Each structure stands twice: as structure tokens, then as C-alpha cells.
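Please look over the structure below.

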Amino acid sequence: MLQSFKYLFSCNLVLSRSLSGYVSRMRYLMRLKEDDEACREALKSGKVLLYHKLSPLLRKTSSGYKLASLKTSDLEQILEKVGKDKHIVNESFLLGCTDKDEPQFSLDVGDLDRSALEQECRGMFVDLRKAFFMIPGPESPLAAKGQALLRWHQTNCFCSATGQPTVRNQSGSFRVCHSSGITYYPKMAPVVIVLVSDGSRCLLARQAMFPPGMYSALSGFCDMGESVEEALHREVAEEVGLEVENLQYSGSQHWPFPQSSFMLACHATVNPDKTQVNIDKAELEDARWFTYEEITEALQNLPRDPRREPPVFWVPPSYAIANQLLQEWANHQQLSRKLHGLK
Ligand SMILES: NC(=O)c1ccc[n+]([C@@H]2O[C@H](COP(=O)([O-])OP(=O)(O)OC[C@H]3O[C@@H](n4cnc5c(N)ncnc54)[C@H](O)[C@@H]3O)[C@@H](O)[C@H]2O)c1
Ligand SMILES: [Mg+2]
């Protein structure tokens, strides 16, 4: 009894310590967003993710590629070496804070010579879609956020009401037009994504613009005034001519493409007697039902090296929520196969 009480007590201590660490980090970030001076000060001791025309800088390590995170002081030296004023570091945007309380920022240096920078930084700038297949999963949301924030600032330099320049705050959490008084905050467009199953197979589709062989779950932007459920029913009807039922929420994620989407992911089923797809060829190049075996193989054979030929059929990387939907579906299939005595 005493033993279990001691165990519970120590668990609670660990929990309260980690909770208070999280809370103080969030409060610190909140202050940096609002207080320009504090944010400038934090940048001095922070880390910066560098982008070149929105491609993040990666470094090769003994365990594979990683997102490069440069100390502000090191970055200032690198900038001087490539002939740029070190003060452009102050144009960085606040991204977050590591669990060691180091503030993190992003900066795009697309106007500087790419190969000179790569040499000085001992890394390479990689297209973000490719980087998602190369960097460790936990680094992907940060790489995505860094790019999304940079892109939003690059495309929101003018007020849509007055045409006058907008001015950022130090952290980059908003831009303001001093002429109209309008404050602009970074935006995401809501998108539904759904993995449709007929009980034993799941439906994946590809757009002509996807890389060859890649298939993903059905997705689409929400229309103004629509609920998630309405958008989901409409998108599946429009794209493949099917009516879905049994919607089950799976999760959400920020997706940096094309201009920051907020992905809301669900599972859904169709009547196994009504699986004939009728593809909207304006939207999709192909849509097909895939078996459990095809999906598990694709999940195990994700392309890792962009220079290598991808498999004939492959699915989005582990960071993409489409991948999460496929993993969940495969796990569910595996369980029901076990229950039915199948392999
Ligand atoms: N993270 C993931 O796992 C994952 C998987 C699939 C798709 N996605 C993302 O979902 C997004 C939407 O999917 P989709 O292409 O099938 O959408 P979609 O089926 O709605 O078709 C795209 C078209 O919708 C129109 N549109 C309407 N509102 C728009 C808006 N706010 N921004 C841009 N276009 C808009 C445009 O004409 C565009 O060509 C894509 O950008 C894609 O990157 C993410
Ligand atoms: Mg679509």
C-alpha cells in the first residue's frame, strides 16, 4: 500500500514538474509575441532555422539528415562571411521554444548566394516536400511552421483595403496597416481529408500534379459556411461520386501547402455494394481501391532518398496526416483479421 502511494506521489511530482515547465514556456512565448524588446533580446540567445526561397537548411549527421538550427551568433558570423549585413538576423520570425527553453526563429535568405551559404553552413537547402521524407518525424512540424510563417509574411506586405505597406511586430505574430488600422494575423485554410473504406479495402486518389506513383486520401477545401461533415460528404461526392457514412474524427494538423491548410482528418465508410467510383477527371487523375496488403507494403516502403527512383505505388510521408489515417486503418484491419482468424 505504502509502496503504491510512494509510486503515485512520485508520478504526480513528475507530472506537476513537467506541467509547470510547459506552462511557463507557453507564458514566456506569449510575452515574446507581445513585447518587441523582449523578443529582440530572446533572439540574441536563440536558434534560427535558415531557409533559402522557402527551402529549409538540412545537415547530414551520422544518423541521417536533420533540420539545421543555428545559434544567432554563429549565423551573424556566416552572414558577414558571405558579405551580408549581420543585422538581417533581426528579420527572423518567432516559431517557438525548445524544451530546454531556447527560443526558435526562422529566416529566409533567398536573396543570398545559395551554394556559398550551403558551404559556410555545412548543409543543403532542400525543398520542404522532399525534406519531409528525410528529417526525423518530430522535426517536421517545426520545419512546416517555419516555412508557413515566412510565406505568409512574404505575401502579406500590403493592406488589402488601402494598398499601403503593412508593418510586422518583432515576433511576426501579426502585421498592421497604420493607414487603415487593420491588423492581419497569419491564416490557415480549413481542409477536410478522409480515408474511405468499404470494410476490406480503402480508397486513395492522385492528382495529375502529384509525383509519379503517389496516392493519398481524398481531400478538399471547406467552402464558406460549411461544417466539417458537410465538406466531407460534398468532397467525396464531387471527386469520386460516392456517398459516405459513419464519419469518425481522427485528428488534425497544420499543413504548409499551398498557403497553410488546417487539415481535419476523418475515417468514413461506404456500403460495400456501392463501391463503383466515378472520378471527376478535372480534379483527379485516378482513384482506386487498395487492399490491406498493398497499404501495409506502401507504409513500410516510404521513399527516403529523393535522388532514388520511388516505388510504383507509394503514400505520403509519416508526418502527413494522410499517413496517420492509413496507419490507423491498417491497424484496425489487422485487428479484425486476427479476430476472424485471418493472417
Ligand atoms: N497533409 C496531408 O496528409 C495531405 C493529404 C492530402 C492533401 N493535403 C493538402 O490538402 C489541400 C487541399 O486538397 P485538394 O487539393 O484535394 O483540394 P480540393 O479538392 O478542394 O481542390 C483544390 C482546388 O480547390 C480550389 N480552392 C478552394 N479553396 C481554396 C483555397 N483556400 N486554397 C486553394 N485552393 C482552393 C482551387 O480551385 C484548387 O485548385 C492540398 O493543398 C494538399 O496539400 C494534405
Ligand atoms: Mg481534392
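## Basis of the model

This is a predicted model, in which local features need pLDDT of at least 70, side-chain atom pairs count only at pLDDT 80 or more, and totals for chains, interfaces and linings use all residues. Residues are numbered from 1 along each chain as its sequence is written, chains are lettered from A and ligands numbered from 1 in the order in which they are written, and side-chain values use heavy atoms, leaving out hydrogens and water.

## The ligand site

Ligand 1 sits in the largest pocket. A pocket is an open set of points on a 1 Å grid over the protein atoms alone, where a 1.4 Å probe fits, with protein on both sides within 12 Å along at least five of seven lines. To sit in one, a molecule needs more than half of its atoms within 2 Å of its grid points. The elements giving two or more residues to the shell are β11 (189-197), β13 (218-221), α7 (228-240), β14 (245-255) and α9 (321-339). Helices (H or I, at least four residues) and strands (E, at least two) are DSSP runs, numbered from the N terminus.

The shell holds 19 residues, and the closest are Ser219, Phe221, Glu239, Gln253 and Ala322. A shell residue has a heavy atom within 4 Å of the ligand. Eleven are nonpolar, five polar and three charged. Here Ala, Val, Leu, Ile, Met, Phe, Trp, Tyr, Cys and Pro count as nonpolar, Asp, Glu, Lys and Arg as charged, and the others, Gly among them, as polar.

## Ligand contacts

Backbone N or O atoms reach oxygen atoms of ligand 1 from Phe221, at 3.0 Å, and from Ala322, at 2.9 Å. A polar side-chain atom of Gln253 lies 3.0 Å from a ligand nitrogen atom. Taken alone, ligand 1 exposes 850 Å², and the protein buries 65% of that (Shrake-Rupley method, 1.4 Å probe).

## Salt bridges

The structure holds 15 salt bridges (a side-chain nitrogen of Lys or Arg within 4 Å of a carboxyl oxygen of Asp or Glu). One joins Arg40 to Glu37, with the closest N and O atoms 3.5 Å apart. Both lie in helix α2 (residues 36-44), three residues apart, so about one helical turn separates them.

## Backbone features

Most residues other than glycine have a negative phi, and most peptide bonds are trans. Asp101 is not a glycine, yet has a positive phi of about 65°. Asp101 is in the loop between β5 (93-97) and β6 (103-108).

The peptide bond from Phe257 to Pro258 is cis, with omega near -15°. Pro258 is in the loop between β14 and β15 (261-269).

Terms used: Polar contact = N/O pair within 3.5 Å; in protein donor to acceptor, adjacent residues only side chain to side chain. 1 Å grid on protein atoms, 1.4 Å probe; cavity = no way out; pocket = protein on both sides within 12 Å on 5 of 7 lines; lining within 4 Å.
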